[in-house]
Amino acid sequence: MDYFKDQIPLLKPWIDDDELGEVEAVLKSGWISQGPKVAEFERLVAGLIGAPQAVATNSATTALHLAFQVAGLRRGDKLVVPAHTCMATINAVIMAGGDPVFADIERRSFNLDPLAVEEVLGGARGICLVHQIGLPADVDAFQALARKRGVFLVEDAATAFGAKYRGKYLGAHGDPTVFSFHPRKMISTAEGGLVVLADPQWADRARRLRSAGADISDLNRHQAKGTLQQVYPEPGYNYRLTDVQAAIGIAQLRKLARMLEMRARQAAYYGACFAGHEEIVPPFVPDYATPCYSSYCVTLPAANHAAITAVLEYMAERGISCRRGIPSLCQEPYFRPTHAHVPLPNTDRVAETTLFLPIYPGLTEAQQCRVVEALVEAVGKHLPRGGP
Ligand SMILES: *Cc1c(COP(=O)(O)O)cnc(C)c1O
């Protein structure tokens, strides 16, 4: 069954016989939980990225939890985060016992503003730098700030697997860096996450915490023919990825270069189409960044919440699935009572004026053309002319 007949979805995972073959082999192997395929997937990701250690988990949320814990976040510690992010980032902070402190983002890149972070950093234990919408943030600026102030830096690159900062993959710059393999992200294992690290002791601790706190894995015990007995230096969780999922990931990695190339081409095509329309602004790309375009977010500078709703409805009527940009977490019911008045002008502005357009491997230029035409019509119909 094709879920997307005549429709242009927002995203579509690229799964073919390669994934089916890998999964079949695992299912027939007799080892389906975390085992040799997870270890192979970790080695492949670490090797690709140029990171010394990789620890795969069942989601980016749980990988972030492990990253915060091994980096030294303790109960009650403040951690500086953007409000322009997925609730999952903050859920992981809270799971690790931390207290999120929100800082504003840059108006054009939508990533954390180093000056805004510095202003609220007093008394915080660390910074969670989110590389949002597949676009690397300014890693050097945040590493310098973290060093100067003696705080840790964890990078949430959930959306940015395969994106590069100054020519190197995110995750290669030394800080614990987390990726998501949810279908909305770059490559997918259906659900899954992974943290890359430089410090082998932090990686060992993350591996223990991932698996009940046990000091040896099921695979090691199996390989030792049951003669090894695990001990528990501290309590942990069950955050294990399965070999079935890792097998999908291994096949997905073989497609990564083609995915990056297709998405870059699609982004360039959208960019060229919108060049003559100043009411539609394509994503900004700083000199230091090579985005992976896991998604594609445009700004309609003259829009507000109601105008974006009207545009989304117009697109949906034409069979094109779009999404509103990322809302400020300070406006969520959980945070509103305590955080509604934190001044985050850029975060609020971006939430009011942005929307995601379809981008995925296999999206054709003809389909992109339909998206562009419909968006230009929608903007002409629903937005005031001449800007705000
Ligand atoms: C999607 C996402 C997450 C959570 O990923 P899961 O794998 O669904 O847990 C965390 N942070 C950011 C920025 C995300 O976009």
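These entries record what I looked up about the ligand site and the pockets of a predicted model.

I number residues from 1 along each chain as its sequence is written. Local features need pLDDT of at least 70 and side-chain atom pairs pLDDT 80 or more, totals for chains, interfaces and linings use all residues, and side-chain values use heavy atoms, without hydrogens and water.

**Ligand shell.** I found 15 residues around the ligand, with A60, T61, D156, S180 and K185 coming nearest (near: a heavy atom within 4 Å). By class, the shell holds five nonpolar, eight polar and two charged residues (Ala, Val, Leu, Ile, Met, Phe, Trp, Tyr, Cys and Pro are nonpolar, Asp, Glu, Lys and Arg charged, the others, Gly among them, polar).

**Ligand oxygen atoms.** I looked up polar contacts (N or O pairs within 3.5 Å). A polar side-chain atom of S180 lies 2.7 Å from a ligand oxygen, and a backbone N or O atom of A60 lies 2.9 Å from a ligand oxygen. For K185, a side-chain N or O atom is 3.0 Å from an oxygen of the ligand.

**Pockets.** I used a 1 Å grid over the protein atoms alone, a pocket being an open set of points where a 1.4 Å probe fits, with protein on both sides within 12 Å along at least five of seven lines; lining residues have an atom within 4 Å of a point. The ligand takes the space of the largest pocket, whose volume is about 600 Å³. Of its 32 lining residues, C86, Q132, T159, R184 and K185 are closest to the centre. The second largest pocket has a volume of about 460 Å³. Its lining has 22 residues, and R107, R108, F110, V281 and T299 lie nearest its centre.

Terms used: A polar contact is a pair of N or O atoms within 3.5 Å; within protein, one must be able to donate a hydrogen and the other to accept it, and residues adjacent in sequence count only if both atoms are side-chain atoms. A molecule sits in a cavity or pocket if more than half of its atoms lie within 2 Å of its grid points. Grid points are joined across faces, edges and corners, and a volume is the space filled by probe spheres set on the points.
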